[in-house]
Amino acid sequence: MRHWRLGARSPGRPRRAGLAVVAMVGALALVAAACDSGNGNGGGVSGDASDIAEARNLSDDDIRAALMTYTPSGVHDEYILIASGGHAGQVLVIGMPSMRILRTIAVFTPEPWQGWGYGNVATEEVLDQGNIEGKEINWADTHHPALSETEGDYDGQFVFINDKAGGRVATIDLRDFETKQIVKNPIAINDHGGTFVTPNTEWIIEGGQYATPLGWDYAPIENYNEQYRGMVTFWSFDRDAGRIDPSQSFAMELPPYWQDLCDAGKLVSDGWVFCNSFNTELATGATLEGGEPFEAGASARDNDYLHVINLNRAAEVAAAGGTTDVKGFPVIPLQTSIDEGLLHFVPEPKSPHGVDIAPRGDYIVISGKLDPHVTIYSFEKIMAAIEAGPTETDDYGVPIISLDDAMEAQVELGLGPLHTNFDDQGYGYTSLFLDSAVARWSLGDPYREDGWKLEGTIPVHYNIGHIATAEGDTVSPDGQYLVALNKWSIDRFFPAGPLLPQNFQLIDISGEGEDMQLLYDLPIPDAEPHYVQIIKADKLDPFLVYPEIGYDPATMSVDPNAPKQGEERIERNGDTVEIWMTLVRSHYTPERVEVNQGDRVIWHFTNVDTAQDATHGFALPGYNINLSLEPGETATIEFDADQSGVFTWYCSEFCSALHLEMAGYFLVAP
Ligand code: CUK
Ligand code: CUA
């Protein structure tokens, strides 16, 4: 038995180096004895487990991390991460603790391999819902995925995600992990405080960010204070339909501060919503006119305002018609919100970013980018202060509760606190952007007796944004794991050019106090994910194949017009040619389609395979068409045969030994 090199590459974690490592080495030695094949291959890594550990310079912490994350082939992960795909406009699905990427879900952005927006009429209709004033917008910046909840816990049914760039929200159904809907916010060209759901997913919150006139109609920026406005939108979710219902949704006009993140109250604070803001200075970026740049102008004051919104009451006001119409969308005017007591402000320390509600709904945790503390507000104290009647207002007449009246505690954590998640031990975890670290701190009564203090920090690599603990923003966090979403990854991976990946770091938080261990680095090569939520895998119940042949993902039901085996055909009606085609390993029926140049082509497909993973493609070059047809799925393409020629279509998924034979001819006669 060889000895492990202890701690050489993982300073600062002497714990578990004793008995635990002996046990691990013992376990590995057993494995090694079983697989010691003695096949030395000259200088490479080979031999038994201890040989490998020595050859690869692995410390005891490295070995522990490997044992914590190694997931044998065929074993599934305990947790699933639902991650935003950042400015790739997608959502990522990742297994934890293995950190294996399982799926990209195309959302706002066309994606050929999923057949998302490359001819499939249903997917193009979803993408078209995201058009902005008729203009096709085919990229997005996804920030905050929100899993649907029942009684404040993830229920595994839906995910929502916002597009910060375009002020849009999408709905994904977790039965097939496909995007079903995009809604464009009619009153805001951008957003940020979304998406967050209320504890039973009645409402999906989409808060704004950079103020414009509502509906973004032109107004001179000199009129900023009078004409520009902030907003928060509450989208009503129809769970039975699996869709947001814009006709039951509404927004609130807010002062032209730059609203930032929001979160929904839960349990004791159910029915309330909390949003941060910055730029309460009302800076307008007049650098060429001798003014200050935003980074200074929007950070001049010591305080910004936490927006405390009575959502239940606001919904009543909206339902009773207390709204004005902005671009066809009902908006509660700011003065109405003031008169009806829907909106209160509480000062919050300098340039806040994250607002996160503690698991019991009793505390609101605010992180200020330029303040080394997290500030913890008591919901009970805020309610008492509202009851007592605030005496101050801001320039727009919104009542202000004093910080002293609302605050429960402040905990000094380090530089650049951004976002907080929670665990099952009464700890909060806050990302420290400037320190590139995660801080663990204890909540006070009723979470922990010795609370409101920093417990320890662990460095991350580097420039962390969000963090997420397992089910860490629900009413019952699981603890055990934390994922740090790092924006920089210099020196962590081979640099494939100057554009580096993002870095998700998995951290073991099962210990106490300062005991945390970095387990794994996962490079994310696509874009900058902002937030993830982590759900227990057994809460998800996805389709393995579509439940019936001819299933239409757009309606989640069988399409009566879907092509059926034995009923394949081509029909001509004037200049329109309609094709009903089936796909099965390894052929299309029919295999030859002849049309005339200028014909309208309507082409229906059903993948009649029922075996799991027996996906077929339909790649039609020259016409920018590629479909992905999962087992049982039906889809339709429609196009004008505007180019004559001989076009060869083929199956773009290697589905069988005779996959190359799965092809056909599309002949367009001039
Ligand atoms: S934001 Cu990106 S790090 Cu959009 Cu939640 Cu804070
Ligand atoms: Cu079907 Cu290849």
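At 8% relative accessibility, Ala 409 counts as buried, where buried means under 20% relative accessible area, exposed over 50% and partly exposed in between (1.4 Å probe, protein chains only). The structure is a predicted model, in which local features need pLDDT of at least 70 and side-chain atom pairs count only at pLDDT 80 or more, while totals for chains, interfaces and linings use all residues. Residues are numbered from 1 along each chain as its sequence is written, chains are lettered from A and ligands numbered from 1 in the order in which they are written, and side-chain values use heavy atoms, with hydrogens and water left out.

Ala 409 belongs to strand β24; helices (H or I, at least four residues) and strands (E, at least two) are DSSP runs, numbered from the N terminus. Contact is taken as heavy atoms within 4.5 Å. With neighbours within four places in sequence left aside, Ala 409 is in contact with Val 374, Thr 375, Ile 376 and Trp 452. The C-alpha atoms of Ala 409 and Gly 444 are 8.7 Å apart in space, although the two are 35 residues apart in sequence. Trp 452 lies in the loop between β27 (437–442) and β28, and its phi is near 55°, a positive value in a residue other than glycine.

Strand β24 is part of an open sheet of four strands, in the order β19-β20-β21-β24 and with antiparallel pairing. Two strands are said to pair if DSSP finds at least two bridges between them. The edge strands, each pairing on one side only, are β19 (352–357) and β24 (407–412). From one strand to the next the twist averages 20°. Within the sheet, β20 (residues 363–368) and β21 (residues 373–378) pair in the antiparallel sense over five bridges, and Ile 364 stands opposite Tyr 377 in β21. Helix α9 (residues 379–388) lies across β20, β21 and β24 and runs at about 55° to β21; axes are lines fitted to C-alpha atoms, for helices over the stretch in contact, and angles run from 0 to 180 degrees between N-to-C directions.

Ser 351 lies in the loop between β18 (343–349) and β19. Its phi is near 50°, a positive value in a residue other than glycine, and Ser 351 is buried, with a relative accessible area of 4%. Most residues other than glycine have a negative phi, and most peptide bonds are trans. A cis peptide bond joins Met 96 and Pro 97, with omega about 15°; Pro 97 is found in the loop between β2 (90–96) and β3 (101–106). Another cis peptide bond, with omega about -5°, joins His 461 and Tyr 462, and Tyr 462 lies in the loop between β28 (453–459) and β29 (464–469).

Ligand 1 is surrounded by His 143, His 144, His 192, Leu 261, His 353, His 419, Gly 465, His 466, Lys 487 and His 530, a residue being near a molecule or strand if one of its heavy atoms lies within 4 Å of it. This shell divides into one nonpolar, eight polar and one charged residue. In this division Ala, Val, Leu, Ile, Met, Phe, Trp, Tyr, Cys and Pro count as nonpolar, Asp, Glu, Lys and Arg as charged, and the others, Gly among them, as polar.

A nonpolar core is a set of buried Ala, Val, Leu, Ile, Met, Phe, Trp, Tyr and Cys residues joined through side-chain atoms within 4.5 Å. The largest such core has 53 residues, of which Phe 234, Phe 250, Met 252, Phe 274, Leu 306, Ile 364 and Ile 382 touch the most other members. A second, separate core of 27 residues includes Ile 625, Ile 637, Phe 639 and Cys 651. Not counting residues up to four places away in sequence, Met 252 touches Gly 230, Met 231, Val 232, Phe 234, Ile 309, Ala 314, Val 331, Ile 332, Ser 337 and Leu 342.

Strand β41 (residues 616–620) is largely enclosed by the rest of the structure, because five of its five residues are buried. His 616, Phe 618 and Leu 620 cover one side and Gly 617 and Ala 619 the other, all of them buried. Strand β41 pairs with β42 (residues 625–629) in the antiparallel sense over five bridges, and the bridge partner of Phe 618 in β42 is Leu 627. The hairpin of β41 and β42 has four residues between the strands, and there Gly 622 takes a positive phi near 85°.
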